[in-house]
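My notes follow, in the order I looked things up.

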Amino acid sequence: MFMQKTPHNSHADSNANVSNSMRLAQAAHQRYLLHLSGEDLTAAINYYIEALKTNPDTPSAYFRLASLLHDNGQIGIESAVEQCRKAVDIDPKNPNAHMYLGYFLSLKGEFEEAKEQFKTAIKLKPLKSSRTRLVLALTLLENSKNKKSSLIDFSSALYYIFSGSMLFLFDSANIKMFCKNILDDISFIKYRAFGEILEKTNQDKSAYNLYADALDKTKNKSIFYEKMANIAKKKKRYDVALECYRNSVALSAANPMSIVSAIEFIEEFYPDKTDELIDLYTVLIGQNPHMPRCYYELGHLYLKKEDKINAVNAFKLALKYDAENPFYLNSLAYAYVQLEQYDGAIELYRKALSINPDNEWSAVVAQALAAIYHQIKGNSDAAISVLENALLLTKNKSSIYQAIADIYYDIEDLDRAIEYYNYSLDNDCENPKAYSRLAMAYWEKDYIEKAIVYYSKAIDLDPEYDIAYNNLGVIFLDGLGDAKRALSYFENAIDINPNYVLAHFNTARAYQMLGQKIDAAKKYQTALNLNKINPEVDSQMIEDMLYKLFEA
């Protein structure tokens, strides 16, 4: 016997699913409006999307979803307008669809079409048009600022404010929401006030527990998490504070103030959390895309990660909104240097210097520009010219004199190098690096005694100066033939820096001069092994020295 199965009512099931999704979405949406909770925001978005997947012809899901996504920075005005137009096309008699479309058109600056949409919404449901009238009034007031003759718009705005206020009394949904807001506001004020009193009387633990209790009983959870974070920070419970700041951001619906507070805390106490800071700045930029300082900070975070391309892009965006900012120009120039785009870097450094917000800062930038001219372009004259101009800007001339001296040393003009190293020391007589460089220049000119004096001075000023110990050892070894004394300086250098390849190599040479072949061989081998990791010496030269030790 053949039985006919009862068909499933798929259309009824679909409608039921849409209805359930919309009910859940609207409930979450209402909770979000009351409590500003990120969890409720996410839930509302997901339920609206679920409703549209089940039935793409659900008009209210389009305009409500557009509102949430736009508020959360996930879509722009164009997309929001498009979604609202779709809702109007599906249901031309839906007043809310027209109201939302009018609202987004006004944000876009299309005031005339926005007014038409608002008026259509009012005609469709005159007695429940209080919100539409008030939003229209604000639109008219905004539009009046941009017109020479604004009396008509201003008068119309007053009319819609008055009529919207009166009709508010006939809108049960608005009254219900208004009452809920009042109750929540009272609860919020109570918890916040009592908590602040407890904090002021140094009852931090009680205040913290009160704020924790408020999380489940009031709106604005984000604010209470931030207050808990402040108490945890005060008590040096930085791990707890970090979690509270994270929760504050997550529940704030990307509120810029919450994000900024979290950024400031992480930058102070967890600066190595680069990825988290990048994420926070990215969200902040999504909310405020015209804030150049955010792009600037983001660029430096990318540099910290050695993500040079994204760093360049971030600095370019900072300059897009503040084209004459010398600090942004300088940072982009530095990023270009990392990418070896030296011509672009030179142009940017020169522009930053022409603006010159601060003499001392400009002197530092000049040194960076001079380094490119000298080390990359091989134009020592241009480099020295830039540095000489920098001398006119700064009171702290020592480093600039030293940079000029280094250039003269590199081009083998040792007399000028010595002259400028002495200028550097005249401005800063406590600079061990300058003494060491001066000693090197004297060594090149075979002034051994002066070289010893200045290397010794560098070591006196900085007892951990491994290079000075090594170089002083070289003078005793190669200049005076005193291998035993040289050995003590090489050993000091190695004690300070065990991975110092050149010091191990020179130690081996000293042992070799003393006839201690086994010790020399061990040190040559150590130098050879370390040189593979941190190349300082030609490996073939080390091998040759090692093999020659035992030649007949």
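**Aromatic cluster**

I started with the rings: Tyr238, Tyr245, Phe265, Phe269 and Tyr270 form one aromatic cluster. Rings of Phe, Tyr and Trp (its six-membered ring) pair here if their centres lie within 6.5 Å; planes under 30 degrees apart are stacked, over 60 edge-to-face, and the rest tilted.

Before going on, I noted the ground rules. This is a predicted model, in which local features need pLDDT of at least 70 and side-chain atom pairs count only at pLDDT 80 or more, while totals for chains, interfaces and linings use all residues. Residues are numbered from 1 along each chain as its sequence is written, and side-chain values use heavy atoms, leaving out hydrogens and water.

**Ring pairs**

I counted 20 aromatic pairs in the structure. Tyr245 and Phe265 have ring centres 4.9 Å apart and planes at 35 degrees, so I logged the pair as tilted. It links distant parts of the chain: Tyr245 sits in helix H12 (residues 238-251) and Phe265 in helix H13 (residues 256-269), 20 residues apart. Helices here are DSSP runs (H or I, at least four residues; strands are E, at least two), numbered from the N terminus.

Next I checked Tyr442 and Tyr454: with centres 5.7 Å apart and planes at 10 degrees, the pair is stacked. Tyr442 belongs to helix H23 (residues 432-444) and Tyr454 to helix H24 (residues 448-461), so the pair ties together parts twelve residues apart in sequence. Tyr442 is buried at 8% relative accessibility, whereas Tyr454 is partly exposed at 21%.

**Cores**

How many residues does the largest nonpolar core have? It has 125, and Leu472 and Tyr524 have the most contacts inside it. A core here is a set of buried Ala, Val, Leu, Ile, Met, Phe, Trp, Tyr and Cys residues joined through side-chain atoms within 4.5 Å. Helix H19 (residues 359-376) gives the most to this core, with eight residues. Leaving out residues up to four places away in sequence, Leu472 touches Ile452, Tyr455, Ser456, Ile459 and Tyr489; contact means heavy atoms within 4.5 Å. I also found a second, separate core of 34 residues, which includes Leu41, Ile45, Val81 and Tyr100.

**His98**

Is His98 buried or exposed? His98 is buried, with a relative accessible area of 7%, and lies in helix H5 (residues 95-108). Its side chain reaches the backbone oxygen of Pro92 at 2.6 Å. Setting aside neighbours within four places in sequence, His98 is in contact with Val88, Pro92, Gln117, Thr120, Ala121 and Leu124.

**Whole chain and confidence**

Of the 552 residues, 44% count as buried. Among contacts between residues at least 6 apart in sequence, 49% join residues at least 24 apart.

Mean pLDDT (the predictor's confidence in each residue, from 0 to 100) is 86 for the chain, and 86% of residues reach 70 or more. Over residues 1-11 the pLDDT is below 50, and this stretch has zero contacts in the model beyond near neighbours in sequence. Residues 177-183 are also below 50, but with seven such contacts. Where pLDDT is low, the predicted coordinates should not be read in detail.

Notes
Buried means under 20% relative accessible area, exposed over 50%, partly exposed in between (1.4 Å probe, protein chains only). A polar contact is a pair of N or O atoms within 3.5 Å; within protein, one must be able to donate a hydrogen and the other to accept it, and residues adjacent in sequence count only if both atoms are side-chain atoms.
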